[in-house]
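Let's take a walk through a protein together.

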Amino acid sequence: MRGSMRGGARESRMISEKSEPVFDIVVVGSGAGGMTAAIRAADLGASVLMVEKASAYGGTSATSGGGLWIPCNHLMPDVGIDDDRDSAMAYMRALAGNDVPEANIAAFVDTGHEMLRWLHEATEVRYVAMEHYADYYQEQPGSRTGGRSIDPLPYDARRLGGEFAAMQAQHRQVRVMGLMGYTNSEGAILLSKAPGWRKVIARLVWRYASDVPGRLRSLRSRRLTMGNALVGGLRKAMLDRCIPLWLDSPAGALRLDQGRVTGVEVTRRGRPLTITARKAVILASGGFEHDQALREAHLPKPTDERWSAASPANRGDMLRAVQAIGAATHLLDEAWWSPTITLPGEDRARALFTERSMPGAIVVNRAGQRFFNESTAYTAAAQAMFAPGNLPAYLLFDARYRREYPFGPLLPGGMHLDWLQKRSVRRGLLTQAPSLGALATQLGIAPAALEATVARFNGFARAGRDEDFQRGENSYDLIYGDVRISPNPCLAPLAEPPFYGIEIHAGDIGTKGGIACDENAQVLGSTGGPIPGLYAIGNVSASVTGRYYPGAGATLGPAMTFGYRAASHVCGAPTEAGGIR
Ligand SMILES: Cc1cc2nc3c(=O)[nH]c(=O)nc-3n(C[C@H](O)[C@H](O)[C@H](O)COP(=O)(O)OP(=O)(O)OC[C@H]3O[C@@H](n4cnc5c(N)ncnc54)[C@H](O)[C@@H]3O)c2cc1C
């Protein structure tokens with residue numbers, strides 16, 4: 001059991017051994033949204049306690065890409081992209097208007113950019129706009145070809161002192177050889193083999209190897225990137241403000257007094273405590289990704305908690321706690337979907353963000369048919385998999401692809417580094433066969449149909465035009481194309497044996513349905529009005545993006561924005577609605 005180091009002094013003033021602790025605000029869960037709420041509330045003068053169920057802080061947020069999707073953000077002009085409120089509202093309405101109240105959408109659009117400016121002023125977290133990271137639904141009104149998705153700059157773990165060790169490690173899928181993190185911008189250069197990619201990889205290896213004091217301590221890189229950079233900077237801001245963080249401290253039932261939430265039960269050091277929250281409890285406890293019973297009750301089938309790439313501690317505890325006091329819920333059948341694969345010995349799935357998209361990979365169903373544009377974004381990809389007849393689904397590629405691109409834990413075969421992998425991964429991950437027909441038979445796909453599909457696809461690849469699904473024809477598709485391939489960087493034939501295949505799952509990187517909230521993140525009761533003293537943000541709440549995933553960072557951007565709004569509302573500090581430049 002650990003508490004924050006520098007939060008100890010203030011904490012001990014508030015808790016004596018005999019009395020029950022009292023704070024203005026209790027934040028449940030230590031993801032990026034919860035931390036944003038805690039820091040903002042402390043800056044507005046509130047005493048704040050954060051409780052975290054796991055023995056490491058940061059949740060899925062720390063393991064993530066750390067990208068934020070923030071319309072009209074102040075970094076967009078740096079990459080020459082304009083934005084305006086009308087476009088942002090039109091795009092959000094087109095995606096979420098049927099499922100989400102207009103006031104919530106407007107609250108996100110109007111406060112996201114304010115939250116980001118505040119983040120840059122109040123913390124050491126820094127972002128840059130990603131010029132080419134296009135919104136995921138380019139065909140919708142108000143979309144942008146880049147700039148709304150922003151990438152965290154690396155953060156130096158030494159700023160955290162001993163608290164670094166207690167942070168959730170980055171997800172394995174975004175560490176080169178399981179060791180070195182990279183920024184989203186570096187990752188895009190590496191994958192697309194854009195000019196300079198060799199320099200990028202050489203720099204990553206050099207930085208890692210030359211940190212001799214770091215290497216003497218552990219294998220974990222101290223150049224924090226993606227979600228670790230975000231959570232690292234937020235944790236430092238909490239330390240600077242002496243905000244206590246209790247690890248290994250799951251929250252449970254909420255305490256109600258005359259209809260108002262006045263506290264929450266927490267188990268700390270095996271001791272049950274009721275913590276009084278004078279102003280509010282802010283729930284930031286993630287989704288129900290790893291609770292099989294809740295998945296089966298709400299998500300489309302088939303569903304399996306092993307197919308989620310989210311943090312295993314997220315099991316819907318607080319969703320159950322609010323349902324027990326009559327809170328309303330919404331969109332419980334939705335998730336931030338993504339095709340995933342699972343590897344033996346890993347505690348969470350790996351999301352296939354890029355592998356489908358690289359040229360020379362296709363996805364087919366058992367009938368041997370392609371059924372979507374494989375370069376589309378991950379939520380749309382998994383939604384296509386759920387359509388009748390498409391599961392089980394298989395990702396297939398050839399020897400050229402295997403030589404050129406990473407796949408899951410496997411580095412490009414051309415680098416001859418497979419010996420770094422466990423034998424089970426090296427030999428067991430992919431099914432391999434000398435011909436497409438043989439591969440189809442091994443995987444249980446209709447062989448003749450698959451051969452016909454690949455012949456048709458190879459024709460498209462050579463012509464540069466996917467007549468069935470228009471792959472490579474919009475800005476998003478091109479992010480993970482290979483710039484060396486023409487005429488269409490997203491299309492290459494599957495022509496060189498051996499051929500490889502793997503079953504992929506309709507998994508997720510988080511669930512996105514949950515507690516219904518108003519525009520200030522106040523939890524709504526089933527009779528309509530807010531439950532005083534109770535707020536919810538992030539994946540424990542119903543998403544402001546409805547059933548869609550507007551762009552990279554659209555889960556963390558709203559989680560942090562509504563964390564900021566919740567804290568401002570509790571503390572009576574208005575946010576500047578509007579004010580977009
Ligand atoms: C590989 C990967 C990459 C991703 N990249 C991005 C990206 O770039 N941009 C983006 O927007 N999204 C990304 N996502 C999704 C994003 O990480 C999540 O949607 C987001 O982190 C959810 O935030 P949250 O605060 O709701 O939950 P979390 O960050 O998971 O935080 C919830 C915390 O609450 C704790 N908790 C749970 N129950 C209790 C309890 N009873 N008591 C106390 N604490 C509790 C959990 O242990 C956890 O620490 C990615 C996800 C993955 C897996």
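Is arginine 269 buried or exposed? With 58% relative accessibility, arginine 269 counts as exposed, because the cut-off for that label is over 50%. Keep in mind as you read on that this is a predicted model.

Arginine 269 has something else going for it: its phi is positive, at about 50°, although it is not a glycine. You'll find arginine 269 in the loop between strand 12 and strand 13, the latter covering 271-283.

Cysteine 72 is another one to look up. Its phi is near 60°, again a positive value in a residue other than glycine. Cysteine 72 sits in the loop that runs between strand 3 and helix 4 (85-96). Its relative accessibility is 7%, so cysteine 72 counts as buried, the cut-off being under 20%.

## Around the ligand

Now for the ligand. There are 36 residues around it, and Glu52, Ser61, Asn539, Thr555 and Leu556 come nearest. Sorted by class, this shell holds 13 nonpolar, 20 polar and three charged residues.

Several backbone atoms come up to the ligand. For asparagine 539, a backbone N or O atom is 2.8 Å from an oxygen atom of the ligand. For alanine 251, a backbone N or O atom is 2.9 Å from a ligand nitrogen atom. Lysine 53 has a polar backbone atom 3.1 Å from a nitrogen atom of the ligand. On its own, the ligand has 1,000 Å² of accessible area, and the protein covers 97% of that. Two elements give two or more residues to the shell: helix 3 (59-63) and helix 11 (317-324). The largest share, three residues, comes from helix 3.

Strands 11 and 12 make a hairpin with two residues between them. In that turn, glutamine 258 has a positive phi of about 50°.

Next, find the open sheet of three strands, with the order 3-5-4 and antiparallel pairing. Its edge strands are strand 3 (68-69) and strand 4 (127-129), and each of them pairs on one side only. Strand 3 is joined to strand 5 (residues 149-152) by two bridges. If you'd like a pair to click on, tryptophan 69 has serine 149 in strand 5 as its bridge partner.

Aspartate 151 has a side chain that makes a polar contact with the side chain of asparagine 184, at 2.7 Å. Asparagine 184 lies in helix 6 (residues 184-192). Its relative accessibility of 18% is why asparagine 184 counts as buried, as the cut-off is under 20%.

How many of the 15 residues of helix 9 are buried? It turns out that 14 of them are, so helix 9 is largely enclosed by the rest of the structure. Helix 9 (residues 226-240) reaches 22 Å from its first C-alpha to its last, close to the expected 21 Å. After helix 9 comes cysteine 242, with a positive phi near 55°.

Helix 18 (residues 556-570) has 15 residues, and its reach from first C-alpha to last is 21 Å, close to the 21 Å expected at 1.5 Å a residue. Here, 14 of the 15 residues are buried, so helix 18 is largely enclosed by the rest of the structure. Just after helix 18, glycine 572 takes a positive phi of about 70°.

## Two cis peptide bonds

Which form does the peptide bond from leucine 391 to proline 392 take? That bond is cis, and its omega is near 0°. Proline 392 is in the loop between helix 12 (378-386) and strand 18 (393-398).

The peptide bond from serine 486 to proline 487 is cis too, with omega near 5°. To spot proline 487, go to the loop between helix 17 (475-478) and strand 20 (499-511).

Methods. Residues numbered from 1 in each chain as written. Predicted model: local features only at pLDDT ≥ 70, side-chain atom pairs only at ≥ 80, totals over all residues. Heavy atoms only, no water. Pairing = 2+ DSSP bridges. Helix = DSSP H or I, 4+ residues; strand = E, 2+ residues; numbered from the N terminus. Expected span 1.5 Å × (residues − 1). Buried < 20%, exposed > 50% of the residue type's maximum accessible area, 1.4 Å probe, protein only. Near = heavy atom within 4 Å. Polar contact = N/O pair within 3.5 Å; in protein donor to acceptor, adjacent residues only side chain to side chain. Areas by Shrake-Rupley, 256 points an atom, 1.4 Å probe, with all protein chains shown as cover. Nonpolar A, V, L, I, M, F, W, Y, C, P; charged D, E, K, R; others polar.
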